[in-house]
Amino acid sequence: MAKLTLSMEGMLLKEIPLVKERTTIGRKPHNDIQIDNLAISGEHAVIVTILNDAFLEDLDSTNGTNVNGQPVKKHFLQNGDVIELGKYRLRYLSEAQPHAAQADFEKTMIIRPDMLPKHAGAADAKAMMGETQAGMPAAHALSADQPPAREPAPEPPAAPLRGAIQILTGANAGKEMELTKTLSTLGKPGVQVAVITRRPHGYFITHVEGASFPAINGKVLDAQAHPLHDHDIIELSGTKMEFFLKD
Amino acid sequence: MDLSQVLETVSRSDPGMVRSHNEDAVHTNAALGFVILADGMGGYNAGEVASGMVTALLGSELEKALVRPEARLIDKDGRQSTRGLLEAEIARANSAVYQAAQSQPQYAGMGTTLVMAVFYDNRITVAHIGDSRLYRLRGEEFRQITRDHSLLQEQIDSGMLTVEQARSSQNKNLVTRAVGVDPSVEAEIHEYATLPGDIYLLCSDGLNDMVEDEEIGMTLQMLSANLQLAATQLVQMANDNGGRDNVSVILLRVRREYPAPHGLGGWLARLLAWFK
């Protein structure tokens, strides 16, 4: 369950779980989150929750709504976003699910129209979010500064490996190529091609096409991927090149 | 008509890095020109029952139907009706899974996505239900042909989310259609012309959730000479990026034209030859 924390001048006032499909924010008492302050409009903003996503919409308030310092009309809330209303701050925290529960949740599930809050239906969604999407790109670009704390996928090591090859023989001798992409192919299509794959734990070379296979340190490869080590010599179509790791 | 010299197919199905079992199922038949991929869901082991049932049932029924395609694919007015065949067989498979789910408590609530393609007479007929996808690489252009039946796709279509924003949505993996969860299901079926050199990719969301489309397209382009390696590489990339779901891929290359002797393509080819 996602929640909001309401604070003013650094002081935490309360926590509000987002349990309803629409959570309204405003000065008047009928709002779900009432903020009794003259800078806040009677009906200031609303947060629409669709399953695990939440959308903030300013309800044409007098003083406007800011998210992370930028005025917004409509905004797709990301974990950690700070909604500013006058002197008040609402921080959006999406549910930090335990690992197992998360994995379970990510299994594909069927969703039927009657299981959805009615706003999630395409037609209603259109009505809800309106046609004005102009404010969104700027707001989104900004939220990139505060990366949402998503369920972490195993990241590549903090200092990613930087491999490169230098051509040793032939017309291009001396040329260097950094291996920054996931895949880099070597050779001539239709004649002999090998691919170097960059993986989290190192670089690997695999034969792709051609009658002859590449050789590493004089040993001809088979069809399997072969790990590359610092200063390995690759031989392909009569050209020698050296693989090395940069620091 | 034996298409095994025309179509080259490769498939891989992997449980991924997190899940203990694989609920995806794949079935390919290059000779008869069809491929099927399903991503099952629901309960303990029930997901793999659903995806396994659907691929096995559709596989065996299509095998029967496509041995003499002219009998099943051309209706009496001479029009092609691959669509009709797929509609009928998907309806039967849906009923079978639905019945099993209704009658056996351990299978209650099971279902599966489905994406399948039949190649006949220089054409591909694609049927899909849910969020398993078909992509096509044609020359430099790599594009998604199917459109997911999912909550996210609906939100994108309605303008609520941009494609960019959808990537950070917490509502992934919610499909709006599936095989076997209701007494009937509507498959989305489209037909396209194929060209020699086309490469088709069918995949479960375990691939496209973990690997960006651009990366998938780039991989296919760079490794197009070696489909086996390309398929292995795609699965490996999904796993290297976390492998949070089962990942399955089918790759299929069209080597050359394959007009059916009695089909529209064959008729047209003969007509053109006559004019030369």
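These legends describe close-up views of a predicted model.

**View 1. Chain B as a whole.** Chain B has 276 residues, and 55% of them count as buried. Its secondary structure comes to 9 helices and 12 strands. Contacts between residues at least 6 apart in sequence were sorted by separation. In chain B, 71% of these join residues at least 24 apart.

**View 2. The five-stranded open sheet of chain B.** The strand order is β1-β12-β11-β7-β8 in chain B, and the pairing is antiparallel. Which strands form the edges? They are β1 (7-14) and β8 of chain B, each of which pairs on one side only. From one strand to the next, the twist averages 15°. Strands of a sheet pair through backbone hydrogen bonds, either parallel or antiparallel. At one end of the order, β7(B) and β8(B) share 4 bridges in the antiparallel sense. There, R138(B) has E141(B) of β8(B) as its bridge partner.

**View 3. Helix α8(B) on the sheet.** Helix α8(B) lies across β1 and β12 (247-254) of chain B. The helix runs at about 25° to β1(B).

**View 4. The largest nonpolar core.** This core holds 122 residues. Which members touch the most others? They are F34(B), V54(B), A117(B) and L202(B). Helix α1 (residues 46-67) of chain B gives the largest share, 10 residues. Take L202(B) as a close-up. Leaving aside residues up to four places away in sequence, L202(B) touches V35(B), L37(B), V115(B), A117(B), L134(B) and I250(B).

**View 5. Where chain B meets chain A.** The contact takes 44 residues from chain B and 39 from chain A. On the chain B side, the elements that give two or more residues are β3 (34-41), α4 (151-157), α5 (163-166), β9 (174-175), α7 and α8. By class, this side has 15 nonpolar, 18 polar and 11 charged residues.

**View 6. A strand pair across the two chains.** Strand β12 (residues 109-110) of chain A is joined to β9(B) by 2 bridges. The two strands run parallel. Within this pair, V175(B) is the bridge partner of I110(A).

View 7. Helix α7 spans residues 213-222 of chain B. Which of its residues are buried? They are I216(B), T219(B), L220(B) and M222(B). An α-helix has 3.6 residues a turn, so residues three or four places apart point the same way. The buried residues of α7(B) pack against elements of both chains. From chain A come β15 (183-188) and β16 (192-199). From chain B come β7 (133-138), β8 (141-144), β11 (199-203) and α8 (227-240).

**View 8. Two loop residues with positive phi.** Most residues other than glycine have a negative phi, and most peptide bonds are trans. D60(A) has a positive phi, near 50°. D60(A) is found in the loop between β6 (53-58) and β7 (65-67) of chain A. In chain B, D121(B) also has a positive phi, of about 60°, although it is not a glycine. D121(B) is found in the loop between β5 (114-120) and β6 (123-129) of chain B. Is each residue buried or exposed? D60(A) counts as exposed because it has 11 C-beta neighbours inside 10 Å. D121(B) counts as buried because it has 28 C-beta neighbours inside 10 Å.

Methods. Residues numbered from 1 in each chain as written. Chains lettered and ligands numbered in written order. Predicted model: local features only at pLDDT ≥ 70, side-chain atom pairs only at ≥ 80, totals over all residues. Buried ≥ 20, exposed ≤ 12 C-beta atoms within 10 Å, placed from the backbone. Contact = placed C-beta atoms within 7 Å. Nonpolar A, V, L, I, M, F, W, Y, C, P; charged D, E, K, R; others polar. Pairing = 2+ DSSP bridges. Axes fitted to C-alpha atoms, helices over the stretch in contact; angles between N-to-C directions. Core = buried A, V, L, I, M, F, W, Y, C linked by C-beta atoms within 7 Å.
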